[in-house]
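Here is a quick tour for someone meeting this structure for the first time. Take a look at it, and then we'll walk through some of its features together.

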Amino acid sequence: MQAIRSFLSFISLVCVISILIVGCTPLKTPVESSNGIDAEKKTEVVQLTSENKVTPEDWPVIKQLPLDPAIEAQIDELLPKLTLEQKVGQVIQADNASITPEELKKYRLGSILSGGNSAPGPLPYADTKTWLAMADKYYNASIDPEGVEVAIPYIWGIDAVHGHTNLRGAIVFPHNVGLGAMHNPDLIEKIAAVTAHELTISGHDWTFAPTLAIPQDLRWGRSYEGFSEDPEIVKSYADRIVYGLQGHIGDPDFMGDGRVISSAKHFLGDGATENGIDQGDAKISEKELREVHAAGYYSAIPAGVQTVMASFSSWEGRKLHGDKELLTDVLKGRLGFNGFVIGDWNGHGQVTGCTNTDCPQSLNAGLDMYMAPDSWKGLYESTLKHAKNGTIPMTRLDDAVRRILRVKIASGIFSKGAPSTRKNAGDESLLGLPKNRAIARQAVRESMVLLKNNGGVLPLDATKTILVIGDGADNIAKTSGGWTLSWQGTGHTNDEFPNGQSILEGIKEAVKSAGGHVIFSANGDSNEAADVVIAIYGENPYAEFQGDLENLDFIPNGFDTNILEKFRSKGIPVVSVFLSGRPMWSNPEINRSDAFVAAWLPGSEGGGVSDLLFQIDPLYDFTGRLSFSWPNSAVVPEDLAERESTMLFELGYGLTYENDVVIDQLSEDAGLENIEVVSTGVFFSKGASIAPWNLWLKTGDLNKQIGSFPTSVGGLIVSKTDHTAQEDALRINWTLPDYDQLILSAASPSNMSRQTNGAIELTFSAKSFNAKSATVKIGMCNEGAACDKTVNINIAANEWREYRISLSCFADLGVDMSKISNAFMVTASEGVDIGLSNIRLEPDMDAKPGCNGK
């Protein structure tokens with residue numbers, strides 16, 4: 001945290017210098033003359049108090065990049081030719097899963113995005129030809145001149161946050177949490193350039209990157225998207241990523257072949273939310289918001305970043321999607337940003353007084369393009385109405401469209417032609433080029449941090465017999481984390497990474513070349529003699545809010561780390577390669593290891609890991625240094641100073657082979673009252689089952705555990721849908737009359753007698769997707785017993801509601817509440833189609849037991 005204090009002093013000096021150079025008055029730009037709200041027809045953007053108002057004049061002034069007169073003249077020519085309907089269409093972006101090319105032509109939307117699971121075809125990712133075929137259809141629809149004086153090409157965005165990871169065969173780079181440990185801005189620019197190159201192969205125009213969050217609470221599930229808790233590191237990377245993706249403004253290759261539009265995100269303070277809660281509230285001072293969390297924008301904007309994405313989160317209770325002072329007065333005014341502001345996934349719907357389909361407040365606040373993946377049609381209709389009646393002033397709408405056109409023209413989209421006709425497009429031989437894989441492999445080497453190397457165990461002699469264990473050894477999906485092939489990154493096999501190499505494959509390659517021998521035993525039960533053990537394990541993939549934690553205790557999953565002690569007791573050295581999206585309390589694992597390496601989420605170049613483990617030619621040494629401090633407790637203190645004092649390894653820590661540092665036995669007190677307790681009060685949350693509970697489908701005697709979505713058994717089809725956030729709910733459709741079941745089951749029964757006697761209710765949210773309500777049967781069941789003791793619940797049509805069933809209802813039906821193996825079962829008749837989310841136990845607030853869900 002000392003680095004943050006140094007940065008605060010530095011940025012304060014920058015602000016003073018900026019004031020001396022350009023004065024305190026915001027620069028007079030086209031923004032200021034056209035983004036104001038009509039005094040007689042204004043919509044209140046956000047309710048402010050004197051305590052939480054922004055003071056724009058305290059923010060540094062960034063001189064606005066010069067506008068290209070030729071581009072501005074072209075916009076001046078285009079704007080009068082656009083109908084009001086076209087202008088409204090330009091400010092809306094839809095997900096390709098929710099709009100057809102014909103609808104794009106009809107509504108003239110400005111952009112299409114492909115969400116993390118929205119690839120064309122049956123999979124959440126696709127190959128080059130499949131992507132391009134869809135890209136051409138949307139492009140041709142957007143430029144169809146029928147019914148309009150001038151047609152505006154659409155731009156296509158996707159989250160290529162660590163490589164173009166929704167494209168089969170693309171390189172998966174380490175996530176940002178590891179790249180920050182490189183401390184290498186030159187290499188980060190090369191990585192961005194490779195990502196842009198591979199995006200153009202599939203016809204994409206735009207990536208929602210770089211992420212410039214500065215995570216301060218590692219319980220946040222998006223921490224791995226941040227480069228560092230240190231704003232200086234983030235600032236040193238931001239401009240270089242923009243250059244790698246877009247090129248340099250004024251250079252011949254700016255937005256040329258192999259370049260894409262970039263988007264700095266998420267403006268602002270997403271890394272400061274209280275308790276690390278995704279989409280939460282950053283309760284920090286304006287000074288900290290300005291001097292810490294805005295750091296990356298101070299280099300990205302002068303570098304010419306073309307778009308900025310507004311944050312889902314709030315600052316002091318103010319949703320950023322509706323904050324005019326920050327989006328307009330600060331970002332577009334003081335910071336001189338002249339591109340356009342894009343929203344996040346239905347983020348506008350969280351603004352006070354808004355819904356996903358109706359939110360003039362966001363546009364009036366300074367949002368230029370709504371990200372309305374599945375809500376676009378209703379939003380289009382309401383926005384058109386607001387533009388016609390003056391709720392959205394024409395000056396504000398025109399300014400938003402001007403900004404969008406400015407970026408589109410600068411990107412060359414008007415002259416590039418159909419995606420399939422552009423340079424690189426469709427050439428799969430250009431994916432995973434050896435020179436680009438070498439860049440990724442270098443990034444893996446430079447990102448890993450050596451935390452412990454007692455006795456100088458590393459580097460290993462590759463001529464010896466090496467026993468490799470752990471579920472991460474031969475699992476590229478696990479080493480890549482979330483936002484890889486799919487949104488959450490789960491359920492993928494190595495053959496889905498044709499240009500990838502697992503860590504095990506990299507180890508075998510190195511050891512074979514040296515004449516050694518490798519034994520692989522994923523669960524570590526091999527009794528073959530070995531000279532050393534390499535254990536590769538860590539967090540399973542996750543993304544966004546599904547990765548939020550209550551504490552930083554690493555709970556082994558997929559591999560029992562207690563087995564490490566077996567080898568050490570035999571005198572066999574143990575090297576742990578720890579895979580994680582953040583530093584975690586892992587003292588037991590560190591104690592059971594002679595050497596411990598923080599490998600983060602290294603991606604698809606597993607050979608980069610083996611490069612650092614062995615004495616091979618060339619001999620590489622560890623250069624990675626922590627860009628996040630490492631905790632010595634699973635509990636995250638509220639006080640920042642206390643948090644600093646409880647660090648096991650400080651920011652900047654990292655060993656080399658030459659360091660003679662011994663890590664003594666560490667305390668295994670996690671700081672939690674009882675680390676053995678698992679949740680029995682939450683069964684399904686944020687789109688995932690909560691350990692020890694797992695989702696199963698049952699039809700007759702057939703049981704099937706759900707590993708990925710969509711999935712089916714018998715006549716039951718289960719997929720993901722949105723409730724309060726992206727894919728946080730299940731969609732369950734019964735297509736046959738056999739009453740197939742969806743069950744949340746655990747391997748060991750749970751005793752819920754106390755909860756039953758304590759007036760606790762089984763609580764969940766649901767809705768019927770049919771035009772009429774639907775009746776479902778809900779049960780809780782004992783191991784080995786037929787799950788036929790159920791209550792009927794009527795699920796309302798077309799709206800999410802909360803339903804509550806007293807546990808005593810199931811006890812009264814004869815269920816043994818001391819031995820619950822199936823915490824939730826739902827079944828229904830043919831034709832029922834419901835959404836289901838947030839299944840948990842809650843206190844009965846009115847102390848009135850009920851069995852009908854009310």
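Before we start, one term: a polar contact is a pair of N or O atoms within 3.5 Å, and within protein one of them must be able to donate a hydrogen and the other to accept it. Keep in mind, too, that this is a predicted model.

With that term in hand, let's look at Thr211. A polar contact of 3.5 Å links its side chain to that of Glu225. Where does Thr211 lie? You'll find Thr211 in the loop between strand 4 and helix 9 (231-246). Thr211 has a relative accessible area of 4%, so it counts as buried. If you skip the neighbours within four places in sequence, Thr211 is in contact with Asn176, Glu225, Phe227 and Lys265.

Now step back to the whole chain. How many helices and strands are there in the chain? The chain has 24 helices and 33 strands. Its C-alpha atoms fill a box of roughly 75 × 70 × 55 Å along the principal axes. A compact globule of 854 residues would have a radius of gyration near 29 Å, and the chain's 27 Å agrees with that. Of those 854 residues, 62% count as buried. The chain exposes about 30700 Å², and carbon and sulfur atoms supply 50% of that area. As for contacts between residues at least 6 apart in sequence, 78% of them join residues at least 24 apart.

Next come the rings. The structure holds 22 aromatic pairs. One of them is formed by Tyr138 and Tyr154, and this pair is tilted. Tyr138 lies in helix 6 (residues 128-142) and Tyr154 in the loop between helix 6 and strand 3 (155-158), so the pair ties together parts that are 16 residues apart in sequence. Both Tyr138 and Tyr154 are buried. Trp206 and Phe340 form an edge-to-face pair. That pair links distant parts of the chain, with Trp206 in strand 4 (residues 206-207) and Phe340 in strand 10 (residues 340-342), 134 residues apart. Trp206 is buried, and Phe340 is buried as well. Here are the two pairs side by side:

| Pair | Arrangement | Centre to centre | Angle between planes |
|---|---|---|---|
| Tyr138 and Tyr154 | tilted | 6.2 Å | 50° |
| Trp206 and Phe340 | edge-to-face | 5.5 Å | 80° |

Rings also gather in a group: ring pairs link Tyr537, Phe554, Phe559, Phe578, Phe596, Trp600 and Trp630 into a cluster. The charged end of Arg445 sits over the ring of Tyr620, 4.0 Å from the ring centre. Arg731, for its part, lies over the face of Phe769, at 3.8 Å from the centre of that ring.

Is Ile158 buried or exposed? Ile158 has a relative accessible area of 0%, so it is buried. Apart from neighbours within four places in sequence, its contacts include Ser114, Trp131, His164, Leu199, Trp206 and Phe208. Compare Asp136: Ile158 and Asp136 are 22 residues apart in sequence, and their C-alpha atoms are 16 Å apart in space.

Most residues other than glycine have a negative phi, and most peptide bonds are trans. A cis peptide bond joins Ala209 and Pro210, with omega about 10°. Pro210 is in the loop between strand 4 and helix 9, and that loop also holds Thr211. Another cis peptide bond joins Phe267 and Leu268, again with omega about 10°. Leu268 belongs to the loop between strand 5 (263-267) and strand 6 (281-282).

Trp483 is in the loop between helix 17 (476-480) and helix 18 (503-514), and with a relative accessible area of 3% Trp483 is buried. Asn798 also has a positive phi, near 65°, and is a residue other than glycine. Asn798 is found in the loop between strand 30 (790-795) and strand 31 (801-806). At 52% relative accessibility, Asn798 counts as exposed.

Terms used:
Residues numbered from 1 in each chain as written. Heavy atoms only, no water. Phe/Tyr/Trp six-rings, centres within 6.5 Å; stacked < 30°, edge-to-face > 60°. Helix = DSSP H or I, 4+ residues; strand = E, 2+ residues; numbered from the N terminus. Buried < 20%, exposed > 50% of the residue type's maximum accessible area, 1.4 Å probe, protein only. Lys NZ or Arg CZ within 6 Å of the ring centre and 35° of its normal. Contact = heavy atoms within 4.5 Å. Rg over C-alpha atoms; globule rule 2.2 N^0.38 Å. Areas by Shrake-Rupley, 256 points an atom, 1.4 Å probe, with all protein chains shown as cover.
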